Amino acid sequence: MITVAATAANTTTTISTLLAIATSFLLLLITSSPTTPKSSNYHTLFLSTSLSTNVSISNHLQALTHRPHIASSEANSQAANYVLKVFTSSNIPSHMASYHVLLSYPLSRSLLLTTTPQEPPFSFSLKQEPYKSDPYAAVSGEVVPTFHAYAKSGTAEGPAVYVNYGRVEDYLSLRKKMGVNVSGCVVLARYGKIFRGDIVKNAYDEGAVGVVVYSDRKDYGGGGDDGGRWFPDGKWLPPSGVQVGSVYQGTGDPSTPGWASSGGDGECERLTKEEVEKEGDVPLIPSLPVSGADGEKILRSIGGPVAEHDWQGSKDAPTYRVGPGPGILNLTFKGQENIASIQNVIGVIEGAEEPDRCCCIATVCRYVILGNHRDVWTFGAVDPNSGTAALLEIAQRFGKLQKQGWKPRRTIILCNWDAEEYGLIGSTEWVEENRELLASRAVAYLNSDCAVGGAGFNAMATPQLDELIKKATQQVTDPDNSSQSLYEAWTSSGTSPLIGRLGGGGSDYKPFVQHVGIPSIDLAFGGDTADYPVYHSLYDDFIWMQKFGDPMFHRHVAAASVWGLVALWLADEEFLHFDYQSYAKELQIFMKPKCVESQLNVKNLEDEISNKDINLSPILKSIKELEKAAININDQRKEIEASKGWRTWKEYQMKVRDVNDRLMMAERAFTDRDGLLGMTWHKHLIYGPIKNNDYGSQSFPGIGDAVRVAKNLQTAESWHRVQHEIWRVSRVIKHASLVLIGQLT
């Protein structure tokens, strides 16, 4: 009995030892850092030519752009099914997330110009002409007639006045320098500099009764460069080309501001048409977009003072005068607004259960989200389907990695948005519907809209992601010079790469950053009108891309590589490599650019409020606290990494989880529940849109807007509001510091 018992005891000990060894080995496999050779190999494989090809990405773009596909059209539903098919064939479980939203379409429009009472009015055709040998001529009739989405229906008639770009400062020049008042007039503005919705709003504020917006030859038609050749012989916008687009100044479905349009009529609370107008985000005067040729004809009918030098057109254009008149414009627009169905396509690659989320700890997914929109005004080869093609390329590469055994540590979500062109509607409705989950689980949102519109890499981001973008571009070959990295091309001028910020409303990052406070990125090649003059016109088609945007489709491949590699690092690496020291440095630059060399085209806050009884010390103190907290959490991360060999597995994973949670949640702390004054949907107090230009981004938007008002009013109350906004910003920066520190006060 003693012998048997001893044997049994020895056997039990042996089994226990083997189980312990096996468990330790299994845990080692589970918790192995993504920087181990195996995970690094997956990332290297992602960039390899065996997984990526310019042929497949070209085929995707051609398939997506063979027909016009405006939001809620049958063709756009077919494009959604194409995206869904590619996702699912790449072993990515996918579904449609549908919403019923208020969209706008044109029923009729006309524009008449009367030059003299003796002659009959001239009627503009308002048509974009197909080009010679246009392979899409047979389906060009499916393109919706040129219009401004959500434009006010009605008729406006009055003397024509030229207002340059229609900015606030342009109207100031008209009044003070030229003595011109636009009240009761129909203004003619050229596209550029600011959002078209702000062009219409500024005109209304100045008393205009209607707005005509045209694409000036100087900005879009070549202006004498490239031999003045327009598409298809050159890249420039043809004389009949028209930039269409939305003039809605809100974000998301106008009939459901702040909540998701998750049901049809009767299934979802909606504002009435009158209530939508009272919200103040839809125009109150009619407007129309017209071509450069039409705009020039109107300009020839305008007399009065000669416009300033920088208001003039290209060298062979007529002399621009400001008016008013003698030309009389009669603008009529009738639109129809319907509740229509839109579809976001959502693909999900489930992450492996994070070791720090199990063993008596509730398992919680963390999301790394990639997004691009699909809907277009015409064919959309650049905007947005160059980004859609890149997203599909990433999906296919991820699918191939899964076949090789890869599974991300964190969940990756691929999103293809609908109705972005109308006002970021698809992404905003999804974010509003999933706000709480996203606020607690989203690591980052990575966006690419016009992924390729020409040469030259551009990036915008929240500052903690700057270094990750730079690192990714160091790993990707320059698509225009294979002897160097993309980073080397990006920094060829000898300076650090300039990374813009995400305070504007130009694409689908807006609801993620400005409403919820999720770290975000937006990536593109090209980007300004000199690169991509056919923006939102009939001529943004596959042929333009093939001839001028990216003839070999190498830029598309590079865009997918940078975009996907950043996603892989955020999804796979044990620690989130967020750098909040970059954030603190950025805020210091804005406050005191003389202390740190600034590449940012901003005025520092001290100069803006110089000689005023305003105390900036709360912000200065909070920024120093943020810098200390950022240094502290970076040191903690290094200490934890160094302790991996001697800490218990559970203790180590708890430490990793704690640091990652703080890094992920710090961006949320920059938001304030009350939002910006007059723009309460915008919760982020560090980055936001510029008043009178939704495309523009500014740091400390609440302070900036308050300063502009105070400078205009020069009252004690208005300057008191500036101080209040300074205190608000200082508080959110302090909140972010406390999140990074991870301790209660």
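This is a predicted model: local features need pLDDT of at least 70, side-chain atom pairs count only at pLDDT 80 or more; totals for chains, interfaces and linings use all residues.
The domain assignment divides the protein into three parts, of which domain 1 is made up of the segments 58-93, 350-391 and 402-572, while domain 2 spans residues 104-335 and domain 3 spans residues 580-741. The C-alpha centres of domain 1 and domain 2 are separated by 30 Å, and the contact between these two domains draws 37 residues from domain 1 and 47 residues from domain 2. About 3300 Å² of area is buried between domain 1 and domain 2, with carbon and sulfur atoms contributing 62% of this area.

With regard to polar interactions, 21 residue pairs are in polar contact across the interface of domain 1 and domain 2, both residues of each pair being at pLDDT 80 or more. On the side of domain 1 that touches domain 2, the elements that supply two or more residues are helix H11 (420-423), helix H12 (425-433) and helix H17 (542-549), and the residues of this side comprise 18 nonpolar, nine polar and 10 charged ones. One salt bridge is found across the same interface of domain 1 and domain 2. A salt bridge is also formed between the side chains of Arg67 and Glu142, with an N to O distance of 3.0 Å.

In the structure as a whole, 26 salt bridges are present. Side chains of opposite charge can pair when their charged atoms come close.

Most residues other than glycine have a negative phi, and most peptide bonds are trans. The peptide bond from Phe231 to Pro232 is cis, with omega near 15°, and Pro232 is situated in the loop between helix H7 (217-220) and strand E7 (245-246). A cis peptide bond likewise joins Gly325 and Pro326, with omega of about 5°, and Pro326 occurs in the loop that runs between helix H9 (292-300) and strand E9 (328-349). Ser72, a residue other than glycine, has a positive phi near 75° and is placed in the loop between helix H3 (54-64) and helix H4 (74-89).

Towards the end of the numbering considered here, an unreviewed UniProt entry carries the annotation "domain: Transferrin receptor-like dimerisation" for residues 614-740.

Terms used: Residues are numbered from 1 along each chain as its sequence is written. Side-chain values use heavy atoms; hydrogens and water are left out. Domain bounds come from an automatic or database domain assignment. Contact means heavy atoms within 4.5 Å. Buried area is the accessible area (1.4 Å probe) that two parts lose on being put together, summed over both. A salt bridge is a side-chain nitrogen of Lys or Arg within 4 Å of a carboxyl oxygen of Asp or Glu. A polar contact is a pair of N or O atoms within 3.5 Å; within protein, one must be able to donate a hydrogen and the other to accept it, and residues adjacent in sequence count only if both atoms are side-chain atoms. Helices (H or I, at least four residues) and strands (E, at least two) are DSSP runs, numbered from the N terminus. Ala, Val, Leu, Ile, Met, Phe, Trp, Tyr, Cys and Pro count as nonpolar, Asp, Glu, Lys and Arg as charged, and the others, Gly among them, as polar. UniProt positions are given in the numbering used here, feature names are shortened, and annotations may be inferred rather than shown by experiment.
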